Each structure stands twice: as C-alpha cells, then as structure tokens.
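Please keep the sequence and the coordinates at hand while reading.

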Amino acid sequence: MTYVITQNCCNDASCVAVCPVNCIHPTPDEPGYKTAEMLYIDPDVCIDCGACLDACPVSAIEPDFDLPSDLLPYIDLNAQYYRHPTHLGYPQVPAKAGRPSREWPGSEQLRVAIVGSGPAASYAAEELLSQRGLTVHVDMFERLTAPWGLVRFGVAPDHQETKATADDFARTARRKNFRLFLDVEVGKTLTHDDLAARYHAVIYAVGAMGDRQLGIPGEDLPGSHSATEFVAWYNGHPDYADRTFDLSGERAVVIGNGNVALDVARVLLSDVDDLRRTDIADHALEQLAASRIREVVVVGRRGPAQAAFTTPELLGLAGTTGLDIQVAPDEVSIDEATRQWSVGREESMALYKARMIAELGSATPTASRRASLRFLLSPTEIIGDERVEGVRFMRNSQTFEDGAVVAHAAERAEELSCGLVLRSVGYRGAAMPGLPFDESRAVLPNVGGRVVQAVGSHEPVNGVYATGWIKRGPSGVIGTNKQCAKETVDALLEDWVNGSLFVSAPDRDVIDLIPDHLDLAGWNAIDDHERRTGRPLSRPRVKLVKRAEMLRVAAAAATAAAAAAAGSNA
Ligand SMILES: Cc1cc2nc3c(=O)[nH]c(=O)nc-3n(C[C@H](O)[C@H](O)[C@H](O)COP(=O)(O)OP(=O)(O)OC[C@H]3O[C@@H](n4cnc5c(N)ncnc54)[C@H](O)[C@@H]3O)c2cc1C
Ligand code: SF4
Ligand code: SF4
C-alpha cells in the first residue's frame with residue numbers, strides 16, 4: 001500500500017513538512033518545484049503513516065486502496081515521477097523545519113498593510129502573524145465585497161475541494177491583530193501615500209486580472225471574448241455579472257491550452273445538473289442550461305508534449321460525465337523535434353502527458369458532447385461579418401534548437417467554424433498609481449519581493465513589497481504563492497531587523513479614511529448567508545453577486561447583532 005497525491009493538489013507543500021521519510025517531491029527547495037504540475041509520493045518509500053493526509057488543505061491525498069475509479073491513474077502518475085533517474089536518491093530524512101531565529105529590534109510593533117486578499121495576500125498575512133517574539137499588526141485591503149481573490153472568482157465551481165483553501169485563509173483572518181477592509185480599492189478609495197504614512201510596510205498582492213490580446217484581425221467581433229471574462233462571469237465576479245455569451249452554436253473554440261482553457265471547456269460541456277450542485281453563479285447556470293454547445297475545440301500552438309495544461313487537469317476533463325476527448329492522430333504522435341529533445345528524458349512528465357493525451361483520444365466515442373484537443377495550430381484571424389463565424393489557423397511545425405523545441409508557422413491553413421471564441425492566452429497585471437511598473441512583464445519590478453525603483457534597478461522603494469502574480473507574473477497554482485509570500489515576508493523582516501522601515505503617522509488610524517468599508521464581521525455574515533441558502537439545494541453556497549445586495553445582508557446582520565446585544569444588556 002502507498003498514499004497517492006491526486007487531482008486537487010495545489011502545491012502548497014504542507015504535506016512535505018510532515019512526512020517522516022521525506023518521500024514527497026519536489027520539495028520547495030528542489031529545482032523542479034516552481035514548475036511542478038503537482039507533488040508526488042514515492043510509492044517505494046512511503047510507510048503509510050497517513051500524516052500527509054491530515055496536513056493537506058484540499059483533500060488531495062488518499063490511500064491507494066481507497067481511490068475512486070476516476071483517480072486510479074494517479075497511482076501510476078505518482079510512481080512515474082520517480083522513474084526519472086534525477087528524481088531518485090533524495091535523503092530519506094526530513095529537512096529540518098523551523099524558522100530562522102531572529103533578534104527583533106526593541107519592542108516596537110510592526111504595522112503592515114496588505115493590498116489584495118487572494119492567496120498571496122493571505123499567505124503573507126499568515127507568515128507575518130505567526131512570527132514568534134514580534135507583534136505584527138496586519139490590515140488587509142480588498143477592492144471587492146468578497147475576499148480570497150481567484151479562489152472565489154477563478155477556481156472552477158466544480159473544484160470545491162480546491163476552494164477549501166479559503167478555510168485556511170479564514171483561519172488567518174481570525175488571528176489577533178488582523179483587520180480586513182473590504183470594498184476599499186487602493187489607488188481609488190485610498191492612495192498609496194495614505195498607507196505609506198500609516199504602516200512600516202505595504203505589500204502589494206493585487207494579482208493580474210487583465211487579459212493578454214492575440215493581436216489578430218477579428219479579435220473584437222461580437223462572440224469573441226477573453227476566457228478571463230467568461231471565468232469571472234460564471235464565478236459571479238461583480239464586474240462581469242452583466243456579460244452575455246452566445247451559446248446558441250454547436251461549437252466553441254478556445255484559443256490557448258493552459259489549465260484555464262480546460263476549465264472553460266469543462267464548464268461549457270458539463271451536464272448542467274452537475275453544475276447545479278456547485279457554487280456557479282445563478283446567472284451563468286441559467287444561460288448554460290439553454291446552451292446548444294456540443295463541441296469545444298481547445299487549440300494549442302505546440303505539440304502534445306508541450307501542452308500547457310497539466311496532467312491532473314487533463315484527467316479532470318477526461319473524468320467529466322457525458323463527454324469524450326477527441327484528438328487528431330497526426331497531431332498527437334511524437335514529432336521529430338520532441339524525439340530529439342527526449343533523448344535522456346524518456347521518463348519525463350511531459351512525454352508521459354503526451355502519451356496520456358493520445359491514449360485518452362483513442363477511446364471509442366460514446367457521449368453526445370466532446371472536447372477536441374488540437375495541437376500545432378496558431379490562429380491568424382477570427383472570421384465573420386457581423387459576429388464570430390469561425391477561426392482561421394496556420395499549421396505549425398516544430399524544430400529542436402539550442403536544447404528546446406520551437407514552433408514555426410508552416411504553410412498550410414485551416415478554418416474551423418464556430419459561434420463562440422474564448423481567448424485563453426494568459427492574464428496580465430496592471431500598474432498601481434504612484435509605483436513603478438514593468439510594462440513588458442506586467443509586474444511590479446522587484447528583487448525577491450522588494451519593489452525596486454525601475455526595471456533592472458536594485459534600489460528598493462523603501463517599505464514597498466510585492467507577492468503573488470503581481471510579483472512574478474500570472475503563473476503557478478495556489479500553493480506556489482505560499483513560498484512566494486514567504487520570500488517577500490523574509491525580505492520585509494530583514495529590512496525591519498536592519499532598521500530601515502519607518503512610519504510617519506503611527507497614531508492616524510486608516511479606518512477614519514474609509515468609514516464605509518465592509519469588515520470581517522460583515523463578510524462572515526455574507527458567507528453564512530450564502531452557505532445557508534445553498535444548504536437546502538445541496539449546493540456549497542449560492543453566491544451573492546451584486547455589491548448592493550451583499551452590503552444589505554451584512555448591514556442586516558449587524559443590526560440583528562446590535563439588537564441581540566442590547567437585549568442581553570437590558
Ligand atoms: C481561472 C483560474 C483558475 C485557477 N484554478 C486553480 C486551481 O484549480 N487550483 C490552483 O491551485 N490554482 C488555480 N489557479 C491559480 C491561482 O488562482 C493563483 O495562483 C492565485 O489566485 C494567485 O494569487 P494572487 O493573490 O497573486 O492573486 P489573486 O487571487 O488574483 O488576488 C488578488 C486580489 O487583489 C484584489 N485587488 C486587485 N487590485 C486591488 C486594489 N487596487 N485594491 C485592493 N484590492 C485589489 C483583487 O480583487 C483580488 O481579490 C487558477 C487561476 C485562474 C486564473
Ligand atoms: S503516508 Fe506518511 S510516509 Fe507516506 S507520504 Fe504520507 S506522510 Fe509520507
Ligand atoms: S495540496 Fe499541498 S498538502 Fe495537499 S498534496 Fe498538494 S502539496 Fe501536499
């Protein structure tokens with residue numbers, strides 16, 4: 001018997017720290033960690049102690065004998081990682097955990113503002129508030145009336161176990177010396193200078209909600225949308241609630257083949273009765289119930305071994321009830337460039353994924369809906385007179401150059417007719433007023449989390465830090481932000497110890513500038529309302545979408561609490 005890591009792994013590495021035989025890899029200090037699709041348990045070393053199972057925030061770990069049939073492929077997937085010779089030979093003793101011991105300067109209390117409330121912000125808050133021997137006050141500012149960033153507004157509604165990471169963030173929010181200020185946009189409701197005057201340090205964790213453009217003709221035709229919009233719409237993001245998507249055609253095309261592309265394909269093709277059991281926004285459920293889409297074509301620029309989606313996401317798509325995966329056989333065979341690259345890498349996870357794509361696509365179709373995974377195609381134009389009617393592609397071929405596989409446009413063109421195009425080619429961060437910005441990478445320029453004066457400079461902007469997607473760009477899963485936040489907080493604490501952080505107006509409470517904010521009690525009332533409304537419908541929650549409605553629920557709860565308190569005092 002062994003324990004097995006499965007679909008929901010978000011790479012936060014909580015399991016690594018508790019494993020008595022160090023058999024979960026890659027660990028955060030190993031080179032492959034930053035790009036790993038998930039973590040893997042070595043079946044030959046695991047002693048079945050079960051400690052990792054309790055540590056996992058998203059219930060991703062199971063004993064092999066207890067796996068449901070759709071998770072059985074994970075037994076081999078975990079084992080596959082250790083077939084690669086460079087993944088063996090690790091020491092079977094756990095690395096020593098624990099914080100570096102620091103001498104804190106004097107008794108002054110550290111005051112930190114965190115902008116944003118997604119995973120990066122929440123992990124940074126936890127890291128700060130759990131320091132021993134130092135009192136840290138953390139105030140977190142979020143522009144929306146709901147916290148937790150993409151955990152609420154990005155992670156797909158049928159990935160409820162992944163959304164359980166928010167329970168950890170809620171635990172952090174209950175810590176002493178923590179305050180949450182919702183409905184407060186930094187750069188609009190408050191300025192950076194307002195924060196800089198009141199806090200020793202400001203950490204920006206504002207994510208990357210913009211989308212990248214394809215830069216091809218027809219991109220702005222009605223019926224062509226970014227996947228960012230579609231995801232935010234079905235997840236009930238208030239800024240996108242009023243969007244409409246034409247789901248009346250039989251085929252949709254998703255351009256780009258990362259995990260977000262597979263998420264949107266799955267949501268478009270899922271049985272609506274399955275979606276009814278999730279926390280998908282009601283307005284989306286209504287439109288999806290009337291959808292006539294039967295095929296979603298997901299198109300990637302490169303070959304199957306270079307597919308941007310992860311193997312767990314592929315297995316999740318394959319396990320969706322009522323859909324087949326289809327591939328074009330000539331596109332999923334290993335091409336010459338990949339063959340050259342694979343010399344000495346025969347057991348790589350990339351080749352394993354390519355073999356799995358071919359295998360899943362070769363099954364006999366049985367369902368009425370299908371996800372077609374296409375490769376080696378680059379879009380050149382979105383076509384249509386008044387609205388989207390199709391997409392024109394150029395076929396690519398690949399060569400092996402300087403140790404890498406490179407895609408080039410070849411001659412042959414191809415057209416796919418469709419009624420909906422979703423462009424899923426990446427997210428993009430936005431500049432913050434008053435701070436430097438790296439336009440080409442769309443991040444706050446930083447060195448190890450310290451925001452610097454300009455791209456290429458090592459001169460820090462005193463007291464300003466970044467973490468998460470706005471620090472390193474839009475890549476990595478939820479748990480990746482934990483290590484990222486730790487690096488930033490380590491830099492901040494080093495500056496604190498060195499005496500380089502100051503506050504000019506320590507007695508001016510920010511609360512006076514934002515009397516109308518929504519606080520943690522208000523959010524808890526909304527959260528409770530959503531969960532209660534969901535219960536009789538067997539749904540995790542029914543999301544409130546409109547800001548005014550959320551504020552009304554919070555205000556009603558505050559009035560009821562005040563009345564109850566007055567009653568008990570009478
Ligand atoms: C569609 C999608 C699906 C995903 N699914 C998964 C998954 O299943 N599993 C997984 O592990 N990872 C998943 N990820 C990745 C994961 O969501 C990210 O790694 C993570 O959310 C990035 O964290 P962040 O804190 O940097 O940004 P975000 O989560 O985007 O948080 C940023 C927060 O800052 C707020 N903000 C922005 N500007 C301001 C301002 N001026 N003032 C105040 N607040 C502001 C935003 O409203 C937001 O709440 C997914 C990502 C996407 C896009
Ligand atoms: S069951 Fe125990 S030995 Fe096996 S991976 Fe988990 S923590 Fe490690
Ligand atoms: S989510 Fe975290 S604790 Fe769970 S398996 Fe993945 S890395 Fe380990």
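The sections below treat the sheets, the helix packing, the ligand shells and some loop residues.

The model is predicted, local features need pLDDT of at least 70, side-chain atom pairs count only at pLDDT 80 or more, and totals for chains, interfaces and linings use all residues. Residues are numbered from 1 along each chain as its sequence is written, chains are lettered from A and ligands numbered from 1 in the order in which they are written, and side-chain values use heavy atoms, with hydrogens and water left out.

Helices (H or I, at least four residues) and strands (E, at least two) are DSSP runs, numbered from the N terminus. Two strands pair if DSSP finds at least two bridges between them. Ile203 has Tyr465 of S22 opposite.

Contact means heavy atoms within 4.5 Å. Axes are lines fitted to C-alpha atoms, for helices over the stretch in contact, and angles run from 0 to 180 degrees between N-to-C directions.

Two packed helices are described by the angle between their axes and the distance between the axes. For H4 and helix H18 (residues 480-497), the angle is about 50 degrees and the axes are 8 Å apart. The pair is therefore oblique, where angles under 35 degrees count as roughly parallel, over 145 as roughly antiparallel, 65 to 115 as roughly perpendicular and the rest as oblique. The crossing of H4 and H18 is right-handed; a crossing is left-handed if the near helix is turned anticlockwise from the far one by less than a right angle, and right-handed if clockwise. H4 contributes Pro119, Ala120, Tyr123, Ala124, Glu127 and Leu128 to the contact, and H18 contributes Asn481, Lys482, Ala485, Lys486, Val489, Leu492 and Leu493. The residues of this contact divide into 9 nonpolar, 1 polar and 3 charged. In this classification Ala, Val, Leu, Ile, Met, Phe, Trp, Tyr, Cys and Pro count as nonpolar, Asp, Glu, Lys and Arg as charged, and the others, Gly among them, as polar.

**The sheet of 6 strands**

A further open sheet has 6 strands in the order S10-S18-S11-S12-S14-S13, with parallel pairing. Strand S10 (224-226) and strand S13 (323-327) stand at its edges, each with a single partner strand, so one side of each lacks a neighbour in the sheet. On average, neighbouring strands of this sheet are turned by 20 degrees against each other, direction ignored. S10 runs parallel to strand S18 (residues 420-423), with 3 bridges between them, and Ser226 has Arg423 of S18 as its bridge partner. Helix H13 (residues 311-318) packs on the sheet, where it touches S13 and strand S14 (369-374), and its direction makes about 125 degrees with that of S13.

**Two hairpins**

Strand S15 (residues 377-383) pairs with strand S16 (residues 390-401) in the antiparallel sense over 6 bridges, and Leu377 stands opposite Arg395 in S16. The hairpin of S15 and S16 has 6 residues between the strands, and Gly384 takes a positive phi near 150 degrees. S16 also runs antiparallel to strand S17 (residues 404-417), through 11 bridges. Asn396 has Ala409 of S17 as its bridge partner. The hairpin of S16 and S17 has 2 residues between its strands, and Asp402 in the turn has a positive phi of about 50 degrees.

**Ligand shells**

A residue is near a molecule if one of its heavy atoms lies within 4 Å of it.

| Ligand | Shell by class |
|---|---|
| Ligand 2 | 11 nonpolar, 1 polar and 1 charged residues |
| Ligand 3 | 10 nonpolar, 2 polar and 1 charged residues |

Ligand 2 is surrounded by 13 residues, the closest being Cys19, Cys46, Cys49, Gly50 and Cys52. Around ligand 3 there are 13 residues, and the closest are Cys9, Asp12, Ala13, Cys15 and Cys56.

**Loop residues**

Ile47 lies in the loop between strand S3 (40-41) and helix H2 (51-55). Not counting residues up to four places away in sequence, Ile47 touches Pro20 and Val21. The peptide bond from His25 to Pro26 is cis, with omega near -5 degrees, and Pro26 belongs to the loop between strand S2 (24-25) and S3. Ser59 is not a glycine, yet it has a positive phi of about 55 degrees; Ser59 is in the loop between H2 and strand S4 (61-63).
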